[in-house]
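Here's a quick briefing to read with the model open beside you. We'll start inside one chain, then work out to where the chains meet.

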4 protein chains.
Amino acid sequence: MPPAQDVHARAPSRGRLRLRSVGLSGIRKPLSVQRGGRAHHLAVTFRVAVDLPSDRKGSDLSRNAEILAEIVDETATRPVASLESACSSIVRELLARHPYATEASVEASAEYFLRQGISDAKRSFEDYTLLAEARGSRGENGTVTVARAVGAEGIGMTACPCAMETCREALTREYPLLADPQFASLPMISHNQRNRTRLVFELDGDTAIEVDEVIAAVEAAQSSPTYAILKRGDEGQVVLNAHRHPKFVEDVLRDLLASLPERFPGATDATTVRASTVSEESIHKYNVEASHRASFAELRATAGR
Amino acid sequence: MPPAQDVHARAPSRGRLRLRSVGLSGIRKPLSVQRGGRAHHLAVTFRVAVDLPSDRKGSDLSRNAEILAEIVDETATRPVASLESACSSIVRELLARHPYATEASVEASAEYFLRQGISDAKRSFEDYTLLAEARGSRGENGTVTVARAVGAEGIGMTACPCAMETCREALTREYPLLADPQFASLPMISHNQRNRTRLVFELDGDTAIEVDEVIAAVEAAQSSPTYAILKRGDEGQVVLNAHRHPKFVEDVLRDLLASLPERFPGATDATTVRASTVSEESIHKYNVEASHRASFAELRATAGR
Amino acid sequence: MPPAQDVHARAPSRGRLRLRSVGLSGIRKPLSVQRGGRAHHLAVTFRVAVDLPSDRKGSDLSRNAEILAEIVDETATRPVASLESACSSIVRELLARHPYATEASVEASAEYFLRQGISDAKRSFEDYTLLAEARGSRGENGTVTVARAVGAEGIGMTACPCAMETCREALTREYPLLADPQFASLPMISHNQRNRTRLVFELDGDTAIEVDEVIAAVEAAQSSPTYAILKRGDEGQVVLNAHRHPKFVEDVLRDLLASLPERFPGATDATTVRASTVSEESIHKYNVEASHRASFAELRATAGR
Amino acid sequence: MPPAQDVHARAPSRGRLRLRSVGLSGIRKPLSVQRGGRAHHLAVTFRVAVDLPSDRKGSDLSRNAEILAEIVDETATRPVASLESACSSIVRELLARHPYATEASVEASAEYFLRQGISDAKRSFEDYTLLAEARGSRGENGTVTVARAVGAEGIGMTACPCAMETCREALTREYPLLADPQFASLPMISHNQRNRTRLVFELDGDTAIEVDEVIAAVEAAQSSPTYAILKRGDEGQVVLNAHRHPKFVEDVLRDLLASLPERFPGATDATTVRASTVSEESIHKYNVEASHRASFAELRATAGR
């Protein structure tokens with residue numbers, strides 16, 4: 001069946017304004033990444049879009065699906081270096097095949113497995129979320145610039161420092177010997193819970209950020225990482241670790257942000273991070289959360305405080 | 001526009017077998033219930049279905065939506081006694097308006113708010129889930145029998161008894177004085193987390209079950225209920241309560257089941273309960289869960305063990 | 001149990017930077033709104049947050065839950081005028097009870113039922129989503145300014161104008177008589193699907209926006225509204241209506257935006273709208289979407305084009 | 001830290017009844033399957049459980065995570081033949097390592113990508129869902145029997161046969177020439193939508209079922225399969241295909257069931273299938289669904305009717 005005349009290229013019947021974003025969402029694709037010596041087989045959810053000029057009725061959306069098929073499907077045989085490099089390729093191709101567009105965006109998220117463990121003998125795959133974005137702009141002279149972002153989310157646990165002190169006081173009234181200085185460092189009961197923390201780098205220029213290091217930063221900022229395999233003694237060790245590092249979501253966020261200058265020395269001052277953290281409070285039916293956005297310049301200025 | 005000839009009433013073109021269930025799902029309706037002195041305004045998700053004989057192409061699905069509109073919409077001005085009584089009315093009407101059907105089912109779930117608090121001064125609305133089902137059968141002589149189920153789900157918290165003992169041993173090695181008998185009852189740190197527990201009664205005959213009592217049973221079986229408003233001292237009290245009642249999901253389930261004969265003395269031996277409980281483990285990224293189904297006869301036979 | 005010393009008020013141990021947002025999310029509350037002659041009983045999901053100065057370890061989150069309880073729970077006996085007015089009250093109270101905060105935000109969403117129908121005899125409750133936001137800032141002199149937003153999302157359907165033309169051409173090759181001018185306006189088969197369209201007004205000053213009118217604008221911009229109760233003839237009428245108004249997501253968005261100056265004459269030029277629309281494509285496993293943000297000044301400038 | 005004494009092995013404090021199911025849910029694992037010449041890298045959600053005798057307080061849940069790590073993680077280097085064979089191995093290991101258990105169950109679901117296309121030049125990965133289950137029982141003499149199930153879910157589209165006839169009548173009144181016999185087979189407008197159809201085989205003995213064939217059966221029963229890449233002409237072809245095969249959910253289910261005896265000739269009479277289908281109605285805000293369960297003996301008895 002030969003194609004009909006191009007309905008999309010017509011003028012819109014009404015409301016002739018440029019639209020900021022028209023595209024596909026919720027499209028799932030398998031993407032293979034080769035990193036270190038290992039292939040990661042990701043199932044990615046993509047959102048891809050371009051803007052639409054005021055004189056055009058529709059965006060050629062089938063091109064978006066074709067681009068994804070060409071670039072992503074091909075990784076099955078030829079893996080790419082990273083999810084964010086795939087996003088950059090896609091955003092450039094979006095601008096190439098939508099000549100009427102001046103802006104394009106790609107957002108990608110994918111589950112990501114790393115072998116982790118409380119000890120080498122108990123390593124097993126833990127699941128994380130990878131995040132990548134690319135935003136392209138076509139300048140007046142036709143040159144395309146691409147802004148990239150890359151990040152990850154990790155699930156760990158937090159133990160509440162406030163309830164811990166309240167319980168210490170209450171139990172000391174009941175067990176006066178706990179007032180003895182030898183118990184000053186005894187970790188006391190508190191509420192603890194799953195915490196999801198996300199860190200995304202808005203990259204400046206060619207800065208490369210290693211997502212495994214992003215995940216390491218996230219897990220170091222929580223009260224404790226968590227693991228699939230924990231034998232009885234190990235459970236105690238995770239619980240102790242969490243209660244020796246009791247943290248509000250505010251603490252998780254600040255500890256995370258404060259760790260970044262040292263952990264990512266190569267990031268330029270203009271590199272900006274978005275960080276957010278959610279604790280699924282065990283003592284409430286709702287969540288507690290905190291979020292921030294700051295440049296490395298700002299983070300470096302407050303470093304050590 | 002006058003209706004076309006009835007496509008649904010034709011013979012199926014292929015595969016002439018009776019289908020067990022054809023219906024609507026995910027339909028949302030506001031339903032008003034008058035209980036005690038108070039009106040509850042529920043937003044209910046309904047699933048309604050009937051079977052379909054082998055000689056009929058389609059089910060008259062618009063009748064399902066009409067029945068819901070008539071019975072449920074009307075409660076806006078004339079509240080019903082309960083969600084389950086609305087389900088019973090709907091199931092009877094389904095069989096009345098689908099004369100070719102021999103079975104009908106209604107499943108309903110709705111968020112439900114109760115004012116609760118750790119103290120009277122801190123009461124606030126806490127959210128629960130109401131569940132109701134009705135299944136109708138048309139007998140050979142045309143009489144309709146209806147089996148009803150009613151239940152609820154509540155979110156509370158559990159603290160792990162095993163990690164608590166492991167931590168007690170580990171901390172006693174570090175703080176030998178903890179071995180002193182006076183500390184035998186000192187609650188020790190453990191992992192704790194959100195727990196969702198659900199209890200559904202498959203009712204026998206006219207037995208009535210009060211859902212607020214179902215919620216009370218669920219919350220009593222968890223390590224502790226949880227609350228929206230907790231000032232600093234209250235947080236400690238909930239944490240202490242949970243750590244003084246450390247429970248595996250197995251314990252939650254057994255304590256819940258064991259409590260039922262005394263809590264619901266009017267339930268007949270043939271009344272059957274389905275119970276399930278899920279703990280969103282703080283030390284793992286996955287959940288732990290347990291489920292059971294038993295008649296009151298069985299529960300009474302094991303009572304006191 | 002008397003409260004412990006205030007852990008939140010201490011200095012943070014590390015990372016002394018101001019955090020943009022700390023608060024609660026996913027908290028559910030029943031809220032009663034009195035509008036026209038009718039009470040609407042909403043179950044609202046709230047997200048409430050304030051910023052946190054660099055010298056303070058934690059935010060007094062229990063105050064957030066108390067504020068919600070006081071303002072929202074009270075509507076059970078004394079309904080408020082609208083969801084957005086409740087958000088404004090909450091945001092002011094957040095700044096009052098977090099004296100260290102300079103910014104506060106409230107986001108609320110709730111299911112909302114309206115009686116609608118393809119004809120008066122077939123009216124029934126249809127479900128929509130209400131959206132409201134309030135953002136408060138404390139100025140240098142202590143005065144609080146509040147920016148409000150209000151909107152709604154509605155589900156309708158779209159029919160694709162491009163596939164319709166392709167099918168017209170294909171069927172005309174097969175049935176040459178269809179080329180006869182009398183059939184020029186015959187609606188042809190196309191793919192059609194659920195469409196979710198959202199429109200949010202960032203209010204300027206005291207502008208009031210009626211959410212029922214927002215919903216009317218959304219439904220008028222889709223190919224057709226949809227209904228719970230449709231008898232056979234009605235189904236045909238909805239299908240015809242949709243195919244007589246075939247629309248891309250781009251068309252839905254532009255028709256919606258173009259309709260606003262006339263529909264909301266009282267909105268000031270500085271009033272800004274965010275609009276987005278998603279079609280759950282029947283011919284793909286993924287969605288197609290478009291979004292835009294524009295001021296009424298911009299909308300008025302393009303009106304009539 | 002050496003393990004504490006085994007809390008799980010103690011007697012329960014209350015409610016000494018056997019629990020039907022205790023285990024893990026929502027645990028994610030990467031699993032590699034080698035099929036045909038190709039490796040499939042699945043991200044699987046597992047639910048694994050065993051029963052618990054009345055005299056034991058808790059189930060050794062860490063063993064479940066260890067089994068998954070050993071069997072599933074190992075497939076990263078040594079792929080297995082299928083998801084269901086992994087489930088069988090896991091269920092046997094559950095009974096081996098929970099010597100007190102008499103029943104074990106594994107449920108697994110995973111996204112699955114197949115290269116499909118409306119033509120060879122437009123092939124791209126389409127996403128499906130794989131489903132597998134294994135249930136093991138330990139007999140009196142200690143022998144373990146395992147019942148397996150395997151299936152898949154596919155998204156396609158349905159077009160409504162009833163609205164199509166209503167529209168034909170309405171349009172014929174408006175365009176009388178449509179009554180001409182030459183137009184009897186002209187496909188008319190109707191509502192169409194995403195349809196999700198699921199088919200699971202409860203396997204009898206060693207029967208092997210090829211999941212790609214399950215997916216083929218599902219897609220053949222819908223009005224049309226759907227594709228990621230559709231150029232303008234292709235869209236028309238899919239729309240035409242769907243409207244030439246208009247189907248209620250009842251038709252999808254019956255056509256699917258009727259096709260099975262011929263499509264799976266090797267299935268024994270005792271092989272039983274569970275089939276369900278959901279259409280996300282474009283003209284309603286709710287879904288329409290149908291489900292059935294039947295043995296191949298029953299399906300063969302009605303074949304050809």
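Which domains does the domain assignment give for chain A? It gives two entries, domain 1 (20–138) and domain 2 (143–305). Keep in mind that this is a predicted model.

**Chain A overall**

- Chain A is built with 7 helices and 9 strands.
- Its C-alpha trace spans about 85 × 40 × 40 Å along the principal axes.
- Chain A has 305 residues, and 56% of them count as buried.
- If you take the contacts in chain A between residues at least 6 apart in sequence, 71% join residues at least 24 apart.

**How the two domains of chain A meet**

- The centres of domain 1 and domain 2 of chain A, taken over C-alpha atoms, are 28 Å apart.
- On the domain 1 side of chain A, 24 residues are in contact, and they touch 22 residues of domain 2.
- Three elements of chain A each give two or more residues to that domain 1 side: helix H2 (83–97), strand S3 (103–116) and strand S4 (124–138).
- S4(A) has the largest share of the domain 1 side, with 13 residues.
- Sorted by class, the domain 1 side that touches domain 2 in chain A comes out as 10 nonpolar, 7 polar and 7 charged residues.

**Strand S5 of chain B and its neighbours**

- Strand S5 of chain B covers residues 144–159 and is mostly covered itself, with 12 of its 16 residues buried.
- Strand S4 (residues 124–138) of chain B runs antiparallel to S5(B), and 10 bridges join the two. One pair to look up is B:Thr129, whose bridge partner in S5(B) is B:Glu153.
- S4(B) and S5(B) make a hairpin with 5 residues between them. In that turn, B:Gly142 has a positive phi of about 95°.
- S5(B) is also joined to strand S6 (residues 192–202) of chain B, again antiparallel, by 11 bridges. Here you'll find B:Ala149 opposite B:Glu202 in S6(B).
- Strand S7 (residues 224–225) of chain B pairs with S5(B) too, in the antiparallel sense and over 2 bridges. B:Met157 has B:Ser224 as its bridge partner in S7(B).

**Where chain B meets chain D**

- Chain B puts 51 residues into this contact, and chain D puts in 51 residues.
- On the chain B side, at least two residues each come from strand S1 (19–35), helix H3 (161–174), helix H6 (249–263) and strand S9 (287–295).
- S1(B) gives the most to the side of chain B that touches chain D, with 9 residues.
- By class, that side of chain B has 25 nonpolar, 13 polar and 13 charged residues.
- Strand pairing crosses between the chains here: S1(B) and strand S9 (residues 287–295) of chain D run antiparallel and are joined by 5 bridges. Within this pairing, B:Gly23 stands opposite D:Glu289 in S9(D).

**Where chain C meets chain D**

- This contact takes 39 residues from chain D and 39 residues from chain C.
- The chain D side gets two or more residues from each of strand S4 (124–138), strand S5 (144–159), helix H3 (161–174), strand S6 (192–202) and helix H5 (232–244) of chain D.
- H5(D) supplies the largest share of that side, 8 residues.
- By class, the side of chain D that touches chain C has 20 nonpolar, 12 polar and 7 charged residues.

**How chains C and D are related**

- To superpose chain D on chain C, you need a rotation of 180° with 0.0 Å of shift along its axis, and the RMSD is 0.0 Å. The two copies are thus related as by a two-fold rotation axis.
- Which residue of chain D comes closest to the rotation axis? D:Ile189 does, with its C-alpha at 2.2 Å.
- Why do the copies meet through the same surface? Because 100% of the interface residues of chain D are also interface residues in chain C.

Conventions
Residues are numbered from 1 along each chain as its sequence is written. Chains are lettered from A and ligands numbered from 1 in the order in which they are written. This is a predicted model: local features need pLDDT of at least 70, side-chain atom pairs count only at pLDDT 80 or more; totals for chains, interfaces and linings use all residues. Two residues are in contact if their C-beta atoms, placed from the backbone, lie within 7 Å. Helices (H or I, at least four residues) and strands (E, at least two) are DSSP runs, numbered from the N terminus. Ala, Val, Leu, Ile, Met, Phe, Trp, Tyr, Cys and Pro count as nonpolar, Asp, Glu, Lys and Arg as charged, and the others, Gly among them, as polar. Two strands pair if DSSP finds at least two bridges between them. A residue is buried if 20 or more other C-beta atoms lie within 10 Å of its own, exposed if 12 or fewer, and partly exposed in between; C-beta atoms are placed from the backbone. Copies are superposed by least squares on the C-alpha atoms of residues with pLDDT of at least 70 in both. Domain bounds come from an automatic or database domain assignment.
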